[in-house]
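The sequence and model come first.

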Amino acid sequence: MKQEIIRRSPGEMFSLEGKTALVTGASHGIGFAIAKSLSDAGAQIAFNCSSAESLERGLAAYRNEGIEAHGYVCDVTDEPSVEAMVAEIADQVGVIDILVNNAGMIRRVPMHEMNADEFRRVIDVDLTGPFLVSKAVIPGMIRKGGGKIINVCSMMSELGRETVSAYAAAKGGLKMLTKNIASEYGAYNIQCNGIGPGYIATTQTAPLRERQADGSRHPFDQFITARTPAGRWGTVEDLTGPAIFLASPASDFVNGQILYVDGGILAYIGKQP
Ligand code: NAP
Ligand code: GCO
């Protein structure tokens, strides 16, 4: 079969004009930053969160950036609610071309102290959620002739540490779900890749950075900064360029990859004491 060669200018390669993007859990934090960058590249933005309060705050934040985002209260673990949201977006915004599975949670508890319900909830939000939302958007993507799915993985897709057993299990599973969606739907011109943020300064990691009673830096803050070749925590802005890349035609032959945006921490054994 003769392969059609499409030549695009750099501007066209990274353009999302005419696309509809759903970013889950994007009322603030990493999701909000990614959604804003996709909007800056031309996409129409839909997002969801878990409460009416969060939705109100999120809509105000997007308006403050000059973005008319479409927001929905939807628990990503609730399949009927997810299906209804995806159908509403198709009616109100457009059939979803780009899905960013960003919604997530963490529970930092020593594994032997974690109860099964806590473990299951983390797996449900961080792994079953991306499955349910991807499952809901893929038929529309197939009908449209293709799409982009970006799963927000983690360094814990590769490494473990104390107290994050459920989260690491979920994010490790999300890495493999990413590869499996890529394998199963690549033939439909759907590319599924992951973004693996390092340690990013958001509300989720705030407890790991808070100042100690004596005003000194949190030991974990010092540990991560020393373990990161870039010598700093990541910011949500550090993730926006990689997100645009994976959401755009520039990555049409990239599939099943996890793009780690971690300042080099996964490559670095650590400074000799
Ligand atoms: P965050 O500030 O805690 O935001 C998490 C978002 O997910 C919130 O908007 C929350 O909605 C939403 N959410 C949680 N459970 C949900 C559910 N059941 N249904 C729908 N929405 C739900 O976290 P973040 O730091 O921005 O992290 C975002 C993603 O990046 C997560 O998947 C996280 O695991 C991942 N990540 C974070 C880091 C980091 O260092 N921060 C590094 C690697 C990966 P509400 O606003 O309604 O609460
Ligand atoms: C933790 C942190 C990490 C980050 C992120 C790292 O407690 O170790 O929350 O898990 O959230 O996932 O990539």
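How many residues has helix 4, and how far does helix 4 reach from its first C-alpha to its last? I find 14 residues (79-92) and a reach of 20 Å, close to the 20 Å expected at 1.5 Å a residue. Helices here are DSSP runs of H or I with at least four residues, strands are runs of E with at least two, and both are numbered from the N terminus. The expected span is 1.5 Å times one less than the number of residues.

Two notes on provenance. I am working with a predicted model, where local features need pLDDT of at least 70 and side-chain atom pairs count only at pLDDT 80 or more, while totals for chains, interfaces and linings use all residues. Residues are numbered from 1 along each chain as its sequence is written, chains are lettered from A and ligands numbered from 1 in the order in which they are written, and side-chain values use heavy atoms, with hydrogens and water left out.

Helix 4, sides. I looked up burial (buried is under 20% relative accessible area, exposed over 50%, partly exposed in between; 1.4 Å probe, protein chains only). Val 82, Met 85, Val 86 and Ile 89 are buried. They lie on the same side of helix 4 because they cover an arc of only 95° around the axis, taken from the directions from the helix axis to the C-beta atoms. An α-helix has 3.6 residues a turn, so residues three or four places apart point the same way. Pro 80 and Asp 91, on the other side, are exposed. The buried residues pack against strands 1, 2 and 3 and helix 5, with contact meaning heavy atoms within 4.5 Å.

Helix 5. I read 29 residues and a reach of 41 Å, against 42 Å expected. A kink of about 40° lies at Thr 128, shortly before Pro 130; the bend is the angle between axes fitted to the seven residues ending there and the seven starting there. Gly 145, with a positive phi near 95°, follows helix 5.

Ligand 1. I count 30 surrounding residues, with Ser 50 and Asn 102 among the closest; near means a heavy atom within 4 Å. A polar side-chain atom of Asp 75 is 3.0 Å from a nitrogen atom of ligand 1. A backbone N or O atom of Asn 102 lies 2.7 Å from an oxygen atom of ligand 1.

Ligand 2. Here 14 residues surround the ligand, and Tyr 167 is one of the closest. A side-chain N or O atom of Ser 154 is 2.6 Å from an oxygen atom of ligand 2.

Technical notes:
A polar contact is a pair of N or O atoms within 3.5 Å; within protein, one must be able to donate a hydrogen and the other to accept it, and residues adjacent in sequence count only if both atoms are side-chain atoms.
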